Each structure stands twice: as C-alpha cells, then as structure tokens.
Amino acid sequence: MAAITHRDGGSETPEVSRAVNVVVPGPGVSRPSLYDRLLGWRDSILANPGFQRFAGSFALTRPIARRRASALFDLCAGFVYSQVLFACVRLKLFDQLADGPLDAAELALLVPLPADAMLMLLDAAASLQLLQRRSDGRYGLGSLGAALRGNPGVVAMIEHHAMLYDDLKDPIALLRGDVGAGQLAAYWPYASNRKAANLSRDAIAPYTALMATSQPMISQQVLSAYSFRGHRCLLDIGGGDGSFIVAVAAQAPKLRCVLLDLPAVADQASERFRAEGLSSRAVAIGGSFLANRLPEGADIVSLVRVIHDHDDADIMTLLRAVHSSLPMDGTLLIAEPISGVRGAEPIGDAYFAFYLLAMGSGRPRTFVRLRDMLTEAGFIDIALRPVAMPMLASVITAKKRN
C-alpha cells in the first residue's frame, strides 16, 4: 500500500503541519469495500481503551460489554474448563451422582481424591453447569452433566481428547509443520497409510470402538434428514463396525445393505450383523476404497464421516469411483461436519481444522467446496439438507448424471 501525505497550507509549523494520511491501493491491490471500511471503523472503536471504559460504565452498553468480556475470558480459560470436564469424566463423577446428591466427603471416599481437592473440583464443575449445588452441602448433576450421562458417545470423545490436548501443546509448531506425527496420527492408523488394508484387528480396535460409540448421534441426524425406504440397496463405504447400517436397516426393513471397510474392520461388522439378526440382508466386504474396485449393485452410497479426514486427491478418486459404481439416477449421501455452516462454525472451522491437522490427514470443507468436487466427479442435484444439530453432522445428497 502506498501512503500519500497532504499538508494543510504550505507551512511546516506545528500548528499547520498536521498530516492527513490517505492510504491508496498499490499496483494490483483492490480498494477495500465499504463493508471492510465499516468493519475497520468498528474495530478501531472497540480497541479504543476510552471507549471500553465508557461501554463498561454506560447503562445501555454495559450488558454488551460484559458479555463480550466474558466470551473473551472463556476463550482464555477454555483449556482449564475442558480439564475440569475431563477430570469429572475420568473420575466418573456423573455416574457416582446418578442415584442422588452427595457431599464432597462422601465422593472423596468413592474416588481417589482428597476431600479438599474434591470440593474444589465440585465447585468448578458447578460453575460450568456440569454439577449443581443441592441442600446440606451436597452436589447433584447439573443440566450439562445430566445430558452427558445420556450420551456415552460424547463421554468417549472427552476421554479421547487427552491425545488431542497433547498434540496441541505447541499449536504454532503444529501449524508450521515442525512436529512429527503425534498421538492422533498413531490412533488413526489408516490416515495417509497406503497399506491400511494390512492393519490388524488390534490396530483398528480403538478407533473402531470410538466411532461405534459416537455413531448413534450421527445416525439420528442422517435419518431425520433423509429416508432410505425408497432404495433397494445401500453401500456404506468406511462403515466401521456396521452401526450406521444397523440404524438404517431399522428404518428401512426391506433394504439390502453392503458395508465396505478395511478387512479387520469388516470382520467386526460381520459379527455385528450376525448379532443383530441382519445376516440375511447385510454383508461386510473387506477392502480399501483407494485400492479396490467398489462393489456394484447399490442404488445409494453413503459416506459417513469419511470425506473430511482424507486429502483432496484421495477424495476425488473416491467420488469418481462412487459415480462409476452407481446406476443412472443413483444417490450419494455424505454426512459429516461441514465448514462454514451457520451455527456450527467453531466446530468446523476451529475444532476439526486443528484436529485433522494433528491427525495428519484431511481438512474441513465448505459446502461450496464439496459441491465443486461432486460436480467435477459427475454428480448433479447436489443439495445440503437441513439437520437439527449441524455441529454433529450435515447431510449432502447428490445424483448421478444421466
């Protein structure tokens, strides 16, 4: 940017030498839009200490100033809050309080923690609505703690986050690529692994169990947004232990189902189908969607939490393979967190961006980006379907071009 200085009059005296800096774009640089200039004006006001003092004391602006100050402090203290939550989950406090409130001394006898430390944790958890103070110095479940007890998938993810916290201990080094593969990369061994089909059952067991535990939350979003009853056969790629197919099969009792995943994972899915009484209409096939030809015969293909943890080149290979395997007017359904979705921006643009960076594979993508990739692969009628909880997953459907 080039700065042009104009002076009032021609004098160089202090009274008339006030410089007015007019910033004009340099070569090849566009002028800021009116919107950008208005936001710049807003930013300069909000950053002004005098305005901050005024907003904090003036009756009409004081509530706004308090909310923003609280939000900013929550960002600063977020890691501490997460560790309070982690401690409650690790100590199983929500389970201990499920049958009724207890005081700090009673809880200290149930878990390996000194009574004074337990009291500090209880007060911290109560401040975060995980617990709630009850009569006679006792503590019961708070609104958030009660919700967690009914959602084992979230509890499993909280415990899993110990790996993420370790990988994020130096976020600048992670962004610069100065650190090697961390705990998440080891936990998800298929990421960037061209020999993933050779992984053993022991290698895939931890992440398969985690995905199965959290799958009901995702299945609920998908089934509320799309009905499978009008289809003949579903091919679920990367379907894990079969949890998603089990949920779909309950909604569509005449649907035949095929699952494709790594051989060790597919073995677990076969066991799940037998246990659920689905062996007559659900089959699991072991293979890699990057190395093997996709099974044909399905009129709908699902990719549930598959695309966002793979890189662009691999996803284009997969989308073209799906397009080739589908009949004319066949449907592709994608379910995963999507970047830029209103109401879920922190999940897509902050949480998953750093999670996948630490994992070493994939990235969060916007609907526009996914639509472009689907179009390039030959799909039409690409639609983002409304869901109740986009922070968990959004649903995209597309059709094979005639």
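**Helix pair**

The model is a predicted one. I read the packing angle as about 50°, with the two axes 9 Å apart. The helices span residues 312-325 for α14 and residues 367-377 for α16. I noted the crossing of α14 past α16 as right-handed.

Next I listed the residues that meet. From α14 I have D312, I315, M316, L319, R320 and H323. Their partners in α16 are R369, M373, L374, E376 and A377. Sorted by class, this contact has six nonpolar residues, four charged ones and one polar one.

**Positive phi**

I then turned to backbone angles. Most residues other than glycine have a negative phi. Where do K92 and D136 sit, given that each is a non-glycine residue with a positive phi?

I found K92 in the loop between α3 (62-90) and α4 (93-96). Its phi is near 60°.

I found D136 in the loop between β4 (131-133) and β5 (138-141). The phi of D136 is also near 60°. I noted D136 as exposed, because its relative accessibility is 72% and the cut-off for exposed is over 50%.

Conventions:
Residues numbered from 1 in each chain as written. Predicted model: local features only at pLDDT ≥ 70, side-chain atom pairs only at ≥ 80, totals over all residues. Heavy atoms only, no water. Helix = DSSP H or I, 4+ residues; strand = E, 2+ residues; numbered from the N terminus. Buried < 20%, exposed > 50% of the residue type's maximum accessible area, 1.4 Å probe, protein only. Axes fitted to C-alpha atoms, helices over the stretch in contact; angles between N-to-C directions. Left-handed = near helix turned anticlockwise from the far one by under 90°. Contact = heavy atoms within 4.5 Å. Nonpolar A, V, L, I, M, F, W, Y, C, P; charged D, E, K, R; others polar.
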